[in-house]
Amino acid sequence: MFYVLFNCKMPAILVTGGAGYVGSHTVMAMLEKSDFEYEIVVVDNLSNAYRAKGEKKPVALLRIEEMTGKTIQFYEVDIRDKQGLSNVFGKHDVQCVIHFAALKAVGESVEKPLEYCQANITGTCTLFEVMRDHSVYNLIYSSSCTVYGEPEKLPLDENHPTGRGISSPYGRTKYFCEEIMKDLCASDPKWKIISLRYFNPVGAHPSGRIGEDPNGIPNNLMPFIAQVAVGRLPELKVFGTDYPTIDGTGVRDYIHVVDLADGHVKALQLFHRNGFSGFCPINLGTGTGYSVYQVISAFEKASNRPIPFVPSPRRAGDLAANWAEPAAASQLLAWNATRSLAQMCGDVWRWQSGNPNGYRE
Ligand code: NAD
Ligand code: WQD
């Protein structure tokens, strides 16, 4: 009302890739906060998000609007389109960017490295140019534990070296973007960049209305299990049963996507902290690892369905185990993951059983 009366723009947060899995849950987390004072502007090229025929916005965003009663500004723009992005910055008073937009399929990146460089590196640099042109210097970047490569020791903290032994072109795009962001911050102290290194995001909003909706056959464990449970896929292949882990299967730090989304909301507050500037990497993980067999068993309990599986050879490039040291997030963001593996599985099951075909009718 104030902004309308005085004919000025409301402060905005621009979310690239906001129609995707982590982006949509973060948009939801921001809009669910009753005292949230920003307009949400989403830019997405819909390469991995679904919009129904005749609709202006992707289904995930329509559902968030329905649940929160708030409006999301949506632009179908590719982050490599400098003019398109610049137009969006011209229309809104962007205070901060949360940058999710990227291609993320590890296997596909081996076959299409140039496409991954284009989308993830060129796209990110184009976004930074447009931010600088519009004097916007606050950024939250979606990074990944993949930047640590092969762990030298566990748990992984932010001082662990990055860039060594990364097994995929996708992973390297995340690492290269972090290096570019460090250079940017060194070039101009106005930049404030928080690089959130996610461990393994899983789960769905407890409403069961938004969740992960992969195109084609899922690459990742949790959506694969969910599709086996719902009968879309016959069985799970367990990649590797001879790792030096608790039961021979790979161990990962699975984190509920709603906890992850809350981490972004907390990170926004860091921009207001006196003296905060430069490049700041922060792990978002729980600090606990679970094996593939433990995840299968938790999902069977949550869904009350058997998950048929076959022990299979290791998948190329997979690590035996990794999990986070989450102390920095606790200290800097006053954030801790609170949701259990049982909740992660329960929420995935609610989403998958209520939406067996994801966002498609
Ligand atoms: P997602 O594919 O669900 O979401 C990405 C969104 O970005 C999609 O809606 C897609 O349409 C959009 N997009 C892709 N390329 C674009 C472009 N050039 N221009 C505009 N929009 C574009 O993926 P996600 O799981 O939500 O991942 C979000 C971010 O988090 C990515 O940067 C990813 O690398 C990072 N990340 C994800 C995971 C994970 O396991 N999900 C783990 C670590 C890091
Ligand atoms: C988890 C465990 C598999 C599928 C990937 C990216 C990483 C990050 C998160 C973005 C492993 C096993 C899996 C299956 C299986 N993404 N598995 N059968 O490999 O830890 O990480 O997503 O940054 O960069 O590499 O996650 O879910 O694929 O695998 O046995 O059908 O499940 O071997 O032990 P991963 P994942």
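**Loops, bridges and a ligand**

Guide: Helices here are DSSP runs of H or I with at least four residues, strands are runs of E with at least two, and both are numbered from the N terminus. This is a predicted model, where local features need pLDDT of at least 70, side-chain atom pairs count only at pLDDT 80 or more, and totals for chains, interfaces and linings use all residues. Residues are numbered from 1 along each chain as its sequence is written, chains are lettered from A and ligands numbered from 1 in the order in which they are written, and side-chain values use heavy atoms, with hydrogens and water left out.

Visitor: Okay, what is phi like at Ala334?

Guide: Phi is positive there, about 55°, although Ala334 is not a glycine. Most residues other than glycine have a negative phi.

Visitor: Is Ala334 buried or exposed?

Guide: Exposed, with a relative accessible area of 55%. Buried means under 20% relative accessible area, exposed means over 50%, and partly exposed is in between (1.4 Å probe, protein chains only).

Visitor: And what about phi of Asn304?

Guide: That one is positive too, near 60°. Asn304 belongs to the loop between α10 (292-303) and β13 (309-312), and its relative accessible area of 71% makes it exposed.

Visitor: Which peptide bond is cis?

Guide: The bond from Leu154 to Pro155, with omega near -5°. Pro155 is in the loop between β5 and α7. Most peptide bonds are trans.

Visitor: New topic: how many salt bridges are there in the whole structure?

Guide: A search turns up 19. A salt bridge means a side-chain nitrogen of Lys or Arg within 4 Å of a carboxyl oxygen of Asp or Glu.

Visitor: Which residue does Glu129 pair with?

Guide: Lys82, with N and O 3.1 Å apart. Glu129 lies in helix α6 (residues 113-133) and Lys82 in helix α4 (residues 82-91), so the pair ties together parts that are 47 residues apart in sequence. Glu129 is partly exposed at 32%, and Lys82 is partly exposed at 37%.

Visitor: What about Arg164?

Guide: Arg164 bridges to Glu152, and their closest N and O atoms are 2.7 Å apart. Arg164 lies in the loop between β5 (138-144) and α7 (169-187), and Glu152 is in the loop between β5 and α7, so this pair links parts 12 residues apart in sequence. Glu152 is exposed, at 53% relative accessibility.

Visitor: Which residues are linked in a network of salt bridges?

Guide: Asp259, Asp262 and Arg339 are.

Visitor: Now the ligand. How many residues surround ligand 2?

Guide: There are 18, and the closest are Ser144, Tyr170, Lys237, Arg252 and Asp318. A residue counts as near if one of its heavy atoms lies within 4 Å. Strand β8 (residues 236-239) gives the most to this shell, with four residues.

Visitor: What does Arg252 do there?

Guide: A polar side-chain atom of Arg252 lies 2.5 Å from an oxygen atom of ligand 2. In the case of Lys237, a backbone N or O atom is 2.7 Å from a nitrogen atom of the ligand.

Visitor: How much of ligand 2 does the protein bury?

Guide: Taken alone, ligand 2 exposes 690 Å², and the protein buries 88% of that. Those areas come from the Shrake-Rupley method with a 1.4 Å probe.

Conventions
A polar contact is a pair of N or O atoms within 3.5 Å; within protein, one must be able to donate a hydrogen and the other to accept it, and residues adjacent in sequence count only if both atoms are side-chain atoms.
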